[in-house]
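The questions below are meant for someone meeting this structure for the first time.

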Amino acid sequence: MVTSPSVPRLVVAAPSSGSGKTTVATGLMAALAARGLAVSPHKVGPDYIDPGYHALATGRVGRNLDAYLCGAELVAPLFLHGARGCDIAVVEGVMGLYDGAAGEGELASTAHVAKLLRAPVVLVVDASSQSRSVAALVHGFASWDPQVRVGGVILNKVGSDRHEALLREALDSAGVPVLGALRRTAPVETPSRHLGLVPVAERGSEAVEAVAAMAALVFDGCDLEALAALARAAGPLPGGCAPWTPEPAATPHPTRSVKESPPRVAVAGGPAFTFSYAEHTELLAAAGAEVVTFDPLRDEELPEGSSGLVIGGGFPEVYASELSANEPLRKAVAELALSGAPVAAECAGLLYLCRELDGLPMCGVLDASARMSERLTLGYRDAVAVSDSALAVAGTRMRGHEFHRTVVEPGAGAAPAWGMRAPERRVEGFVERGVHASYLHTHWASEPGVARRFVERCRTS
């Protein structure tokens, strides 16, 4: 039997959203890194923003672990891929500990990922309006699923020394050790807007200061030695589990010359386009592409020699005026798309390719208009490719996630990108020439052929 690598690890979870998971997890990552440890940061679920703070805290790429998007079988391999060469890994949970994909039981919940990783859980509890009742709360979460090991509690928003003493006394009877107590008098400024926290790329030095404040809060209020010991007690992952690799995307084309120059794929970045999974660029590179990042807010040209374009998610609605004002780049994007070159656009990328966004001119690649909406569209989707495209052949099934407060009219072109199988049946997105544009965020690690097909199209278009 092959033994899997043993990476010290723990999962930071909570009874519900708003309990302080992000503050504790990010602060713990930064505090451990400040002690000289190589810390591997991870986030349960499809969230793009928290991993940015994690990366700032650790100096390593923040990575997502999503059992819905990638399948349960890839969670541990993706974890090991991200944790290569690290001393310890910290995984921030999502929502409440047992909250998963709607109607899918435990699937994609923090508890599900903790079980797949065989990782102990640290429960962050908002103690601001309770004392003895905290024991009943913690006991319930710790005993709900015997396969989930709640190894400790961090009390958040504690009012005073007396309040802390009452909480600790109550928890003595629950059998779960208290590993930290954070005062409510030391808030950390992490501003939010319509889709959650403001990303790191938009905050500059303010984000650095916020992460430093989180680290100080955790350093002062938590037992770092006990937390590290709990992580070391995780033991090996399931036998035979090996790190994920992007190499499946590197299957060579039978007629390709090894001496060919790699096609150059331009990837949108900067403050307006911050939503991207690290594995996407790794897969593109493994498939033979040269990946070059550009900033649509600043750069007036695409990277020289670009033969393909990837525009991920982000906040073009916040930067609509600046994006619209950069007319030279808008024209360059339109010219590349109209030439038939492969273009993959997700959510924010879809909006950027539209004729207009909130009345401001965009690239005009798609005969569609986009506008802000009061309605939040949020949730996992089970989808199938409707049309052959630069990303997938018709019939390819993938799972994705929608997260936006905008509307595109019409919602689908003559050749739609995706047919949604669940939670409701509909078609969505656009396939035109080499363009594949959609609201759906997907994780290419679940289907490496997407990256391989895209790069091959870049070679031949």
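Q: Is Cys363 buried or exposed, and at what relative accessibility?
A: The model is a predicted one, and a residue counts as buried in it when its relative accessible area is under 20%. Cys363 falls below that cut-off and is therefore buried, with a relative accessibility of 9%.

Q: How many disulfides does the structure hold?
A: A disulfide requires two cysteine sulfur atoms within 2.5 Å. The sulfur of Cys86 has its closest cysteine sulfur in Cys241, at 16 Å, which is too far for a bond. Cys363 is likewise in no disulfide, since the nearest cysteine sulfur, that of Cys354, is 9.6 Å away. For the structure as a whole, the number of disulfides is 0.

Q: How many residues apart in sequence are the parts that the pair of Phe275 and Phe315 ties together?
A: Phe275 lies in the loop between β10 (264–268) and α10 (278–286), while Phe315 lies in the loop between β12 (306–311) and α11 (320–325). Ring pairs also link these two residues with Tyr48 and Tyr277 into a cluster. Because Phe275 and Phe315 sit in those two loops, the parts that their pair ties together are separated in sequence by 40 residues.

Q: Which residue of β5 is the bridge partner of Ala13?
A: Strand β1 (residues 9–13) runs parallel to β5 and is joined to it by 3 bridges. Strand β5 itself covers residues 121–126, of which 5 of 6 are buried. The bridge partner of Ala13 in β5 is Leu123.

Q: What is the handedness of the β-α-β unit made by β5, α5 and β6?
A: Strands β5 and β6 (residues 150–158) pair in the parallel sense over 6 bridges, and Val125 stands opposite Leu155 in β6. Together with helix α5 (residues 133–144), the two strands make a β-α-β unit that is right-handed.

Terms used
Residues are numbered from 1 along each chain as its sequence is written. This is a predicted model: local features need pLDDT of at least 70, side-chain atom pairs count only at pLDDT 80 or more; totals for chains, interfaces and linings use all residues. Side-chain values use heavy atoms; hydrogens and water are left out. Buried means under 20% relative accessible area, exposed over 50%, partly exposed in between (1.4 Å probe, protein chains only). Helices (H or I, at least four residues) and strands (E, at least two) are DSSP runs, numbered from the N terminus. Rings of Phe, Tyr and Trp (its six-membered ring) pair if their centres lie within 6.5 Å; planes under 30 degrees apart count as stacked, over 60 as edge-to-face and the rest as tilted. Two strands pair if DSSP finds at least two bridges between them. A crossover is right-handed if, with the strands pointing away from the viewer, the path from the first strand over the helix to the second runs clockwise.
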